[in-house]
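User: I would like to learn how to read the features of a model like this one. Please take them one at a time.

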Amino acid sequence: MADIRERLTDCFAAVFPDVSRQDIPKVDHYNLARWDSVASVTLFATIEEEFGLELDLEDLPALVSFEKILSYLSTKVAASS
Amino acid sequence: MKLIEALRIVGEKQNSDLPALRVRLVCGFTPMHFQTFLQAKLRRSHPDQRVEITSGVYGDIWGTLGKLNAEDTEIAVVIMEWSDLDARLGLRGLGSWSPSVLPGILENVHARANEFRTSIERIAKSVPVAICFPTLALPPVAFVPGWQGSSFALEIRSTVASLSLDASRMRNVKVLDTQRLDMLSPLADRFDPKAEVFSGFPYKVTHASILADLLIRLTALPAPKKGLITDLDDTLWSGILGEVGLQGVTWDLEHNSHMHGAYQRLLHALSEAGVLIGIASKNDSELVTQALLRDDLILPGRSVFPVEASWGPKSEAVDRILKTWNISADAVVFVDDSPMELAEVEARHPGIETILFPKNDYQGLNDLLYRLRDLFGKASISEEDSLRRDSIRRAHQVDSQSSGKSLEAFLEQAAPEFNFDFSKHPADDRALELINKTNQFNLNGRRVSDAAWQNFLKQQDTFLLVTTYNDKYGPLGKIAVIAGRVRGKTIEIENWVMSCRAFSRRIEHRSIEELLRRFDADELILDFEATPKNGPLREFLADLMDSTPSSACTVGRDRILEYLSNRLPKVAEVAHG
């Protein structure tokens, strides 16, 4: 879990370079203006590449915060291992 | 490069004081990750510039092409996909695929191809263009099964192939070779239908990265290597010459040594394109001389100079070859079948590119042929390329003949002929080629992009002097370049380069005299900068100025004339082109 959190933080840091690493866990779609539709596509592509998995299309609308994505990824990674 | 890495690079702040490299990305899709990769890779390949990429509106490649101009663009990167020719050739458009509409699609494709040709012709007059034609598979529009070639698909591909050929012949345009893209990015792994439908970005991330990489190489071709030094036994031919004798070494199918013939063929082609080919072999010198006279060699002995055959260390043979060629190790590739020899040469000549000859490994041979082409590849072959090898051979003879005579006396009997050309020809690539590949006699080592060069030539206050040299030992071709600005009675020299083949002929002296005469100048300001390699230029300047050169050093007319007074031998002919 710690490893997933760290790698997901790396993805967020790359897509949102203006957000400090300690603030990243608090980030969500509503409190970060830069998190628009283009940023979403970039973030999801980065996560897919980093974790070597494909995000399900129907799950994307719910993935609106760091914590939600972390929880989703933890389930996905556990299921695939 | 992974997307996360590219994003990190793009996220780094750029120094706003750096000169801008303004790149216009022209495509019909949402550029997204492709633009990220392009930006990241350009920043890495152009660390001295501030990279600015702009792109157009989704679905409007034609509008973006129409607005493109030299005022705000240094390089145009154009990517066409099938849907740019007709929206029905993409997954996102939902126009009909009925058999009855296919002729209409073809008509549209032809019209769009013509429109594209006209646009690129216009843009390339002022901006260098790198183009990639469709990289994705055509969707299943035609009614035949996918494994059968349909006249519909074949006609579309043929139209684009013809367009691609026309574009490749335009000056200032470089077309991406789809075969190289096929090798690096398999067709089936390129398209991302989900991303295409939901975000308008059609590529998988890996394909976007590879495509960006190749297009950047296309915009700035790396400086080609200048010379190749090859081993003989079990490399240029199969067999050990000292053991099997003159007729025992082979390079053909009959003796199962065909791979050496294929290697010779490429070396011959490289030689004919101006690459210097030398030999470093641990062998009996006399035996090698005789072997190289064999008339069935695919790489004829006359294409090779010099031949260093001895029992000493190969690194010393390489030393002598580099001295004869007068080029540095980093411009040279050394090929040998022995890892130990490669290591020994590399230890003494850091920077030299060493390649292990893949004995008995045909896949390795095929890879080697491509690798050598890439290392020595150039956009065009100039007249100077065909002169290079012979002029070095002659210079070698000249050196032995001139020993004992003063340089002036020797040069006078050589009957030198100069041509000084001050015209600013954007179409003549030789001047820029010299600026970008010369190291030793180079005022500051600065490289200049195509776009910056063309912009420089267009300016009113700039000048360009290209010197061509010939003497009784043969022509050297266009051999020296001085470029700069004239401000009243002052000449500011920004670039001054001379090929190392032209050393010791007083060409630099003649050029500077010509410059003073032409502009009736009182002084020269030289934008000098010491580099690890420009020692010869530094020494010349120190002599000319009678002091150590510094940046923006100034030297007056009187001092120059005094310096030149006893250093200019009589010439047979001076012409002005």
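Predicted model: local features only at pLDDT ≥ 70, side-chain atom pairs only at ≥ 80, totals over all residues.

User: What area is buried between chain B and chain A?

Analyst: The size of an interface is often given as the accessible area lost when the parts come together. Buried area here is the accessible area (1.4 Å probe) that two parts lose on being put together, summed over both. Between chain B and chain A that comes to about 1200 Å², with carbon and sulfur atoms giving 66%. On the chain B side, B:I4, B:L7 and B:K194 lose the most area to chain A, together 40% of what that side buries.

User: How many residues does the contact take from each chain?

Analyst: Contact means heavy atoms within 4.5 Å. By that rule, 12 residues of chain B and 16 residues of chain A take part.

User: How many salt bridges are there between chain B and chain A?

Analyst: A salt bridge is a side-chain nitrogen of Lys or Arg within 4 Å of a carboxyl oxygen of Asp or Glu. The count between these two chains is 3. One of the salt bridges joins B:K194 and A:E54, at 3.6 Å from N to O. Which elements of chain B touch chain A? Those giving two or more residues are α1 (3-11), α2 (32-45) and α8 (193-199) of chain B, where helices (H or I, at least four residues) and strands (E, at least two) are DSSP runs numbered from the N terminus. α1(B) gives the most, with 5 residues.

User: Are B:K314 and B:D231 buried or exposed?

Analyst: Buried means under 20% relative accessible area, exposed over 50%, and partly exposed in between (1.4 Å probe, protein chains only). Both B:K314 and B:D231 are buried. Their side chains meet in a salt bridge of 3.0 Å, N to O. B:K314 lies in helix α13 (residues 314-325) of chain B and B:D231 in the loop between β6 (227-230) and α10 (241-244), so the pair ties together parts 83 residues apart in sequence. B:S281, in strand β7 (residues 276-282) of chain B, has both B:D231 and B:K314 among its contacts beyond four places in sequence. B:S281 is buried too, at 4% relative accessible area.

User: Which residues touch the most other members of the largest nonpolar core?

Analyst: A nonpolar core is a set of buried Ala, Val, Leu, Ile, Met, Phe, Trp, Tyr and Cys residues joined through side-chain atoms within 4.5 Å. In the largest, of 63 residues, they are A:F12, A:I47, A:I69, B:F34 and B:I79. Helix α9 (residues 205-219) of chain B supplies the largest share, 9 residues. B:F34 is in contact with residues including B:I79, B:F201 and B:L211. A second, separate core of 54 residues includes B:L322, B:I352, B:F503 and B:I512.

User: Which residues of helix α21 of chain B are buried?

Analyst: In α21 (residues 535-545), they are B:G535, B:L537, B:F540, B:L541, B:L544 and B:M545. Their cover includes α20 (507-519), β16 (523-526) and α22 (557-564) of chain B. After α21(B) comes B:D546, with a positive phi near 60 degrees.

Terms used:
Residues numbered from 1 in each chain as written. Chains lettered and ligands numbered in written order. Heavy atoms only, no water.
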